[in-house]
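Reader: I would like to learn how to read a sheet and a chain-to-chain contact, going from the general idea to the particular case. Could we take the two topics in turn?

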There are 2 protein chains.
Amino acid sequence: MAFPRPKPTTVETLAMERANPPFNVRKLSIKMHGSEKALVLKEKFMAEIARHPAFKLSDIHDLSKDELRERTMEKFASMVYFVTNESLEVFTLRMQLIGIADPSFWTRFGVAYGLFLGALRSGATPNQLSYWIDRGVLGLNGVIGCFAMTELAHGSNVAGLETSATFDRETDEFIIHTPHLGATKWWIGGAASTATHAAVFAQMIVDGKKYGVKTFVTQLRDTKTFQLLPGVTIGDIGKKMGRDGIDNGYIQFTYVRVPRAHMLMKHTQVSRDGVVTEPPLAQLTYGALLGGRTSMVTDSSNSAKKALTIAVRYAAVRRQFAIGKNQLETQILDYPIHQRRLMPLLAQAIAIGFTGLKLTKMYEDMTQSLDTMDPSDPNLNEILDKLKETHATSAGLKAFCTWACLDTIDKCRQSCGGHGYSAYSNFPTMYADFAVQCTWEGDNTILSLQAGRSLVGAWGAAIKGKRLVSGVAYLNDRSILTAKSDSSLTLSDIKRAWNCVAANVIKKAAEEYVSYLKAGKSKEVAMEMCSQSRFIAAKVHTVGYIFTMFKEAVEEMEESAETEVLRTVAQLYGLWQIEEQQGYFLKYGYFKAEQMDKVQTSVDGLCAEVRAIAVPLVDAFALSDHILNSPLGKYDGSVYESYFSQVQAANPLPKEHPYFTRLIKPLLERQNTEMEDPEQAMGLDDELKEIEAERNEAAKGKEGKVRKEDY
Amino acid sequence: MAFPRPKPTTVETLAMERANPPFNVRKLSIKMHGSEKALVLKEKFMAEIARHPAFKLSDIHDLSKDELRERTMEKFASMVYFVTNESLEVFTLRMQLIGIADPSFWTRFGVAYGLFLGALRSGATPNQLSYWIDRGVLGLNGVIGCFAMTELAHGSNVAGLETSATFDRETDEFIIHTPHLGATKWWIGGAASTATHAAVFAQMIVDGKKYGVKTFVTQLRDTKTFQLLPGVTIGDIGKKMGRDGIDNGYIQFTYVRVPRAHMLMKHTQVSRDGVVTEPPLAQLTYGALLGGRTSMVTDSSNSAKKALTIAVRYAAVRRQFAIGKNQLETQILDYPIHQRRLMPLLAQAIAIGFTGLKLTKMYEDMTQSLDTMDPSDPNLNEILDKLKETHATSAGLKAFCTWACLDTIDKCRQSCGGHGYSAYSNFPTMYADFAVQCTWEGDNTILSLQAGRSLVGAWGAAIKGKRLVSGVAYLNDRSILTAKSDSSLTLSDIKRAWNCVAANVIKKAAEEYVSYLKAGKSKEVAMEMCSQSRFIAAKVHTVGYIFTMFKEAVEEMEESAETEVLRTVAQLYGLWQIEEQQGYFLKYGYFKAEQMDKVQTSVDGLCAEVRAIAVPLVDAFALSDHILNSPLGKYDGSVYESYFSQVQAANPLPKEHPYFTRLIKPLLERQNTEMEDPEQAMGLDDELKEIEAERNEAAKGKEGKVRKEDY
């Protein structure tokens, strides 16, 4: 080998990895970002925040919770300009980038801008909305909102919330009240120290009758002095696993009065006389939920790509062990097992990315259809079916994509060995920040079961002969249940494999459900009893769906070197997931045992193929060093130098040792405190002997000698 | 239902869970702790630390890194008494308990007591050892050690370390030197601010010849002033994912001289004249590694039990959603899916616990055999074979048990919903602290491959007709490869299932290895190329091994209600893992598809069975509220009250808002900064028109009017 030195530097090694890639990195990057515009905007946002002092990232691991929160508000102030001046499309892309750069701040801003404002948008009448817009909600001046839904004893079960809002006809007000500890509003982001108003979810009671949970805009603090208003008790709920930059708090209301007009009345109205008008149909809230889930699928891909960029670059420059004497140590990325650790995850992150793009498009189209939908539209039912199906699929996607991303972050951390455990690798913060995504906006397990419930329903519809919408249309073709592989392992073969197996596991869940019904169980109980099978149905269907989205995206592209790369990646994703869940493929006979061995061999080969282009591939994720915030993932490969200097800068040694004199010196200078034998120390045995001798003497005396006490 | 109130309190609910358990909790607890003595000692240790101010745990989530470290040394000071006064057996049990209560402190103490002292014990000659004992190493006075092995650029590959120790014959000294940045000692626990000496691993060079890595006791700081000695550069490596209570540091040596006598010379000797005597055989270091791994298996079980105690108690008192109107909300532990989330993990933690007990016993017996072993012992080869096999098995156990525990902690966190994300649930700290166990003492993936390598070797030996030792003896019976289930799903059936499948995956790895050899690859390359199959072999063998250990433990017990419980738990563990890895069981034909459905149904049923006794079962883990340090897992069930009061106590609101005036007030009071249209603001268009008009005028002037510049 013709290296300039016996051992190339890490910088040289990474440069070699980038030499002559078999595809154009920028072209691939555009494909993965959906458009050139999206990529260019992202690069602009990255450049802006890299230079903005509030978005400094290198020191965040050493900031206290209070420092992080203060910085959050500095960022908040820097963003309000954009929220008023950028188009929604551009601002959404900006927030997407912020979501990977700084999840804590993203959350605080999202609470005010997404949740609070979103509650107004979806719940207020036009006049109410324009009132709040006049008060400044859009520009986040005058009003800074928070979203007071969950309570200490109720999270998933929103209908079970216990905060009450009782109508007082006399004063035309609602009285918001927390009846007991369990009804304390809990986890409320922004409540602890930065919100003026809250969208409070409470059980509405009019004339003693309960009408279920409605939303009431309730002021928490005086906007001039920031003092809490009477009856409002707020506390800080303190340290969390991650996202300490957002000030989550608890709120207890003690008979707090709000004007009737502060109840959001788009759906349910309460008149001056206390007449309640309920909407004819349950609210169509699918659309709102879809938005959150869509963004979480995209965020899962982006966060996984961030972790993988770090892990892949590090694995390319890290050398450990030589094969053969006097050989250069091997780049750890060259070990087949290391390729097995990272390449499938790389494929998965890319697959989820394309799924996110498709889902975003579907979501936008659907929002448009819903906005312009006429109740007399002949396609109404079809649109609603499609919406319902996408809603269910997105529940499964939210669950399995966030799980996949969390798993990827930790696997990437482990793949960097000890250095992955350093805070400065950024994996610990990424993991801790991301972990909540598996819980909020619906616990992943519960969402999976919702997806599974819908699949059970789809199966029932299919066997009744109903034509199903695209995502589950494969259930219409009953022959898929007994399909067999043609051994080609092409994208089509893989797709058929997933459809076959998904149909089988859905069928199994549906049949279990029906058998419980036949045994006399209620629908609710039967659904609970088949929940493990429902869960499996959701898991298999969702992975198949991700693969299908990816495959379709690739097939829509013109042939090019970049398309070829993505086809290889798609194949790796599909086959690796078959390996991971091989039990189902063997159980339902799509693959035979020998074919499964071929799958394993193919995955080995595909891992090696993707490894060859791994560094330019992660370059195409287009994440700046500032966003990565990890010396292990430095673009130029100066891993050890960057790591060392960051560690040094963050940890200056104190001039004086803080506890040497108090704690260490006494340790070093002490005599061993071996437990003394107290009997020996007291001379107890000698003493006892003396006493005995004296007694004997005395006894003798009794006999012969006159003693004092005898007198 | 005859509840005293319409809705029982959480305390009442937990009491009902404990009413009339079908077994004796204490008897079961004794079985799980190995002996009554072990349980009683644990209870004593728990009572001691619960009252010791240095072991306060409730505030740790809000302490800074520096505060945590200072407290570590307070604990350190409190422990030296016991280390000098307790028997090794008792002190080992004490450290085991400390390991689950306080992993940071456990690490700091373990570095001084386990690693540094361990290095002396295994590497020093008798005279050297007694010299260091006189200096105070045993009582940790005079000398506080650290263990300087890993470097910035070398972790797994110890033989590749680059710190040098060059013999200077003239002065009879070694010169310890860090040649470049990558050779900086890194991660050294205790180095940053609390150690006086280090066991430094360095490449020994005598007369220009390299002899490989040896150990040199090197003083770092003056014991009176704690100033660094000349040539020693130390830095703090700062924040980590967890275990911030230990002060990890980096060390660079610049030509630091140590007396020749400070090289540990039990194995390799260097004489006054620089004559090097190397040991006839490579050092037998198996035993030392085994100790660490054994304790990590036990710690995995204990840490998982801690997480599960919290999650199970919380799930028993948490109610969410009612099935049917006017029903009490359901305890989430009653949902089949929640049982699926927790019960198998409970079974796994118990299985690993019994494996740890058996492994500890094997380790103790083996240590004794090795200590008393005579080289002429006719059983020598057998003992060494057994040692080698246990060594390989323990590598796999370390990997898969620590992975299982880390996974359990996060699954328990998720099972507690949002509250699991609060620092005060203790899951975040537990996860962050435990995570390093998958990396240190050998990266789990690399250890799995070592286990796999040994299994490939065992297969080779088996087909040559060699009788294998117990752990892999099933490979001797080739008929196991084609065994079939008798559909009983008893412990024997399950054991045969694991043996069958393990034998098949080991055979596959071995055959791949041989095929690469036949294709002309070197042994090393062939081993790397079959690494995925080796990994699978290790995974399947290890789970089968854990199951077998558990089964044997149960079968050694007298029949009793407690034994019956453990038999059920063992069955759940074995069958659940079959489900998890069902692909192999189908692929190798041990189970047919329908039998696999029966496995699923059995697991459902076993989950429900174990759920019925889940609360008394976790009570038998005997972990005090102090150790659990989580209001969600409070023994008495006062979950919400305890949580609320801990959050309140930890987060008093500041008297004055720290940044309202600087950051929030300007936001609230600002005018919207919508971007002005600068063209309009400047009146640009009007101005341009004027200029144009003037020019036109001028042009006209050129024609008719005399202008200034014409003169």
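Author: Two strands are said to pair if DSSP finds at least two bridges between them. The model here is a predicted one, and in it β7(A) and strand β8 of chain A, residues 248-253, pair in the antiparallel sense over 5 bridges.

Reader: Which residue of β8(A) is the bridge partner of A:Asp236?

Author: The bridge partner of A:Asp236 in β8(A) is A:Gly249.

Reader: What is the order of the strands in the open sheet?

Author: In general, the strands of a sheet pair through backbone hydrogen bonds, in either a parallel or an antiparallel way. Here the open sheet has 3 strands in the order β4-β8-β7 of chain A, and the pairing is antiparallel. Its edge strands, each pairing on one side only, are β4 (185-189) and β7 (232-236) of chain A, and the twist from one strand to the next averages 35 degrees.

Reader: How many residues does each chain bring to the contact?

Author: Chain B gives 127 residues and chain A gives 127 residues, and between them the two chains bury about 10,900 Å², of which 58% lies on carbon and sulfur atoms.

Reader: How many salt bridges does the rule find across the interface of chain B and chain A?

Author: The rule, which asks for a side-chain nitrogen of Lys or Arg within 4 Å of a carboxyl oxygen of Asp or Glu, finds 12 salt bridges across this interface. One of the salt bridges joins the side chains of A:Lys224 and B:Glu669, at 3.9 Å from N to O. On the side of chain B that touches chain A, helix α4 of chain B (residues 65-85) supplies the largest share, 11 residues, and by class that side has 56 nonpolar, 39 polar and 32 charged residues.

How values were computed
Residues numbered from 1 in each chain as written. Chains lettered and ligands numbered in written order. Predicted model: local features only at pLDDT ≥ 70, side-chain atom pairs only at ≥ 80, totals over all residues. Heavy atoms only, no water. Helix = DSSP H or I, 4+ residues; strand = E, 2+ residues; numbered from the N terminus. Axes fitted to C-alpha atoms, helices over the stretch in contact; angles between N-to-C directions. Contact = heavy atoms within 4.5 Å. Buried area = accessible area lost by both parts, 1.4 Å probe. Nonpolar A, V, L, I, M, F, W, Y, C, P; charged D, E, K, R; others polar.
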